[in-house]
Amino acid sequence: MLEIKGLTKHFGGLAAVSEFDMNINRGEVVGLIGPNGAGKTTIFNLITGFVHPSKGQILFEQGDITGKATHSIAAKGIVRTFQQNAFLPDMTVLQNVFTSCYLHPKSGVWEAIFNTLGYRKKEQQALEHAMEIIAFLGLDFVRNELAQGLPHGYQRLIGIAIALSASPELLLLDEPLAGMNANEVNETLVFINKIRSVGTTVLLVEHNMRAVMKICDRIVVINFGRKIAEGLPQEVKRNKDVIEAYLGVGEDAA
Amino acid sequence: MSKVAKSVKPLSCTVLILLFFSIPLFTKEAYLFHILITAGINIILATSLRTIATTGQMSLAHAGFMAIGAYTSALLVKKLDLSFWAALPLGGIAAALIALLVGYPFVRVKRVYFAMLTLFLGAVIRLIIMEWRGLTRGSSGLLDIPPPNPILIPGSLSIVFDAKIPYYYLILFLVLITFLFLYRIDSSRVGRTLLAIQQDDFVAESVGINVTNSKVFAWCVGCFFAGIAGSFYAHFIKTLTPDSFGVLQAIYVVVYMVVGGRRRIYGAILGAFVLTLLPEFFRILKEYQPFVFVGILLIITFFLPGGLIDLPKLGVSLVRRLKGPSVSHA
């Protein structure tokens, strides 16, 4: 589904990502892990067009999306969430999701201004879609609250709700569990499993290793912008390079 | 409750419109109509500026785009003998085209830097008008701009623009059109999209909104109506000089919008209306207009940050605060 070949990004003299290859198959949940500053978020930014690569190629469903604009990549079906809590602060939860239902159904500017019958039908569809997503993520009872006033855990979920309203085929989650308590982590994992069960492919960046090991089919490990390991969770867990990258090399171990 | 509120809004709008349409039945005072017409022009400017501001970008070139509309329309009528009724939309289109021309590089620049760019753009437009003497007669001004061609329907209707009242009806009509168009933008998905861009453009872009195109759209629509206002102004005042379109004029439009309240389109209308009428009733306010506007702006930002449209809300909370202790006693 997604094919990344030789992806490289330099920021000045620093290679944030270099010669990175990865494949994602339809229906998988793939984990992308690595120490802080390893280049995980840069890879997200490169895939979704927020940052353009210095070298390399990104193919989605056999089509080249390298260097395309973020909005057209979203229209093709790749949508990401953000590491920080990103949403529309002065809108209610429902308005956040309703506004984000922009691509499906898509309506034109002029039919909206002239308030045509077709436009009103699409608005109704978008509202229903938004309500479905809100119910799906259990945000029903806060749907009329302003997003900026909600606790952190809900705000993380709003981020996911916004991404889901673009009906992604490939969903990129950037540390969805960051700052959550154990309860919220478990709930969110249930949601991620539900998202996958409706056929959405997921690429997950996360520092919570227990969660990653539990939920991912496959894990890719990077350090200093390079891939150092790839495989099933159990394989990766035992990989010497991975343990080194996370724990460092002890004097006596060497 | 909300159902009542829903029917109150269109009702009060209709009453207000009827009221304004019927003013000429009660008085023919030319001075009053002159002020009301000026208020109408300012309402179009403030509401259209607000559409640009919805995306989070403040334009200080609105007087400049008004000038483009004014000069385009006046020159088309004077030099090419075009009818005013064709020149009016062309004035708006000219402004929108110039806006489109600079739009794509401009909207890449955000917040205060965008405001600075537009400030320079306004100055450049004025400078071009000043220096292109062969066309615009520079600072000596464009004089004797003809009034709109009379509307003649044989046997039933003849409207000649020889007094204030026909102009008054014309601007009323233009304000209504502008309001309907901008209101539809505001209350539809288009407005939601613009608001999303203002609140977080990365989130907007990530769900598939073409942020650049949307910003350029809002910018061009805003400038189009500034051009329309300019065209009307040219054929109403009949004399154009570059001095009528300076920086101060552009800032006044911003003040109308902020004082009235930028959250809703009614705010921009109210602000433009109140601030146009106020100085006319107190002579001294007119002489020291910049001072007065600064004062009003300060008062509003401190006590009514949401603008004049929040006045009822403020009133309610004041009453509550006064009643507060007695309620807790009971």
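## Close-up views of a predicted two-chain model

**Figure 1. Two domains are assigned in chain A.** In this predicted model, the domain assignment of chain A places residues 25–51, 63–77, 168–187 and 196–254 in domain 1, and residues 81–167 in domain 2. The C-alpha centres of domain 1 of chain A and domain 2 of chain A are 26 Å apart. Contact between them involves 14 residues of domain 1 of chain A and 11 residues of domain 2 of chain A. On the domain 1 side, α2 (70–76) and β7 (170–174) of chain A are the elements that supply two or more residues. The most, 4 residues, come from β7(A). By class, this side of domain 1 of chain A comprises 9 nonpolar, 2 polar and 3 charged residues.

**Figure 2. Strand β7 of chain A is buried on both faces.** In a regular strand, side chains alternate between the two faces of the sheet. Leu170(A), Leu172(A) and Asp174(A) lie on one side of β7(A), with Leu171(A) and Leu173(A) on the other, and all of them are buried. Because 5 of the 5 residues of β7(A) are buried, the strand is largely enclosed by the rest of the structure.

**Figure 3. Strand β7 of chain A pairs in parallel with β6(A) and with β8(A).** Strand β6 (residues 78–80) of chain A is joined to β7(A) by 3 bridges. Val79(A) has Leu171(A) as its bridge partner in β7(A). The pairing of β7(A) with strand β8 (residues 201–205) of chain A extends over 5 bridges.

**Figure 4. An open antiparallel sheet of 4 strands is formed in chain A.** The strand order is β2-β1-β4-β5. At the edges stand β2 (14–24) and β5 (63–64) of chain A, each with a single partner strand, so one side of each has no neighbour in the sheet. Within the sheet, strand β1 (residues 2–11) of chain A and strand β4 (residues 55–60) of chain A run antiparallel and are joined by 5 bridges. Lys5(A) has Gln57(A) as its bridge partner in β4(A). Helix α1 (residues 40–47) of chain A packs on this sheet and touches β1, β2 and β4 of chain A. The direction of α1(A) makes about 65° with that of β2(A).

**Figure 5. Chain B contains 15 helices and 2 strands.** Along its principal axes, the C-alpha trace of chain B spans about 75 × 55 × 40 Å. Of the 330 residues of chain B, 44% count as buried. Among contacts in chain B with a separation of 6 or more, 76% are accounted for by residues 24 or more positions apart.

**Figure 6. Chain B touches chain A through 20 of its residues.** These residues are in contact with 26 residues of chain A. Helices α7 (164–187), α8 (189–199) and α9 (201–206) of chain B each supply at least two residues of the side that touches chain A. Of the elements of chain B, α8(B) gives the most to this side, with 6 residues. By class, the side of chain B that touches chain A has 9 nonpolar, 6 polar and 5 charged residues.

Note on methods. Residues numbered from 1 in each chain as written. Chains lettered and ligands numbered in written order. Predicted model: local features only at pLDDT ≥ 70, side-chain atom pairs only at ≥ 80, totals over all residues. Contact = placed C-beta atoms within 7 Å. Nonpolar A, V, L, I, M, F, W, Y, C, P; charged D, E, K, R; others polar. Domains from an automatic or database assignment. Pairing = 2+ DSSP bridges. Axes fitted to C-alpha atoms, helices over the stretch in contact; angles between N-to-C directions. Buried ≥ 20, exposed ≤ 12 C-beta atoms within 10 Å, placed from the backbone.
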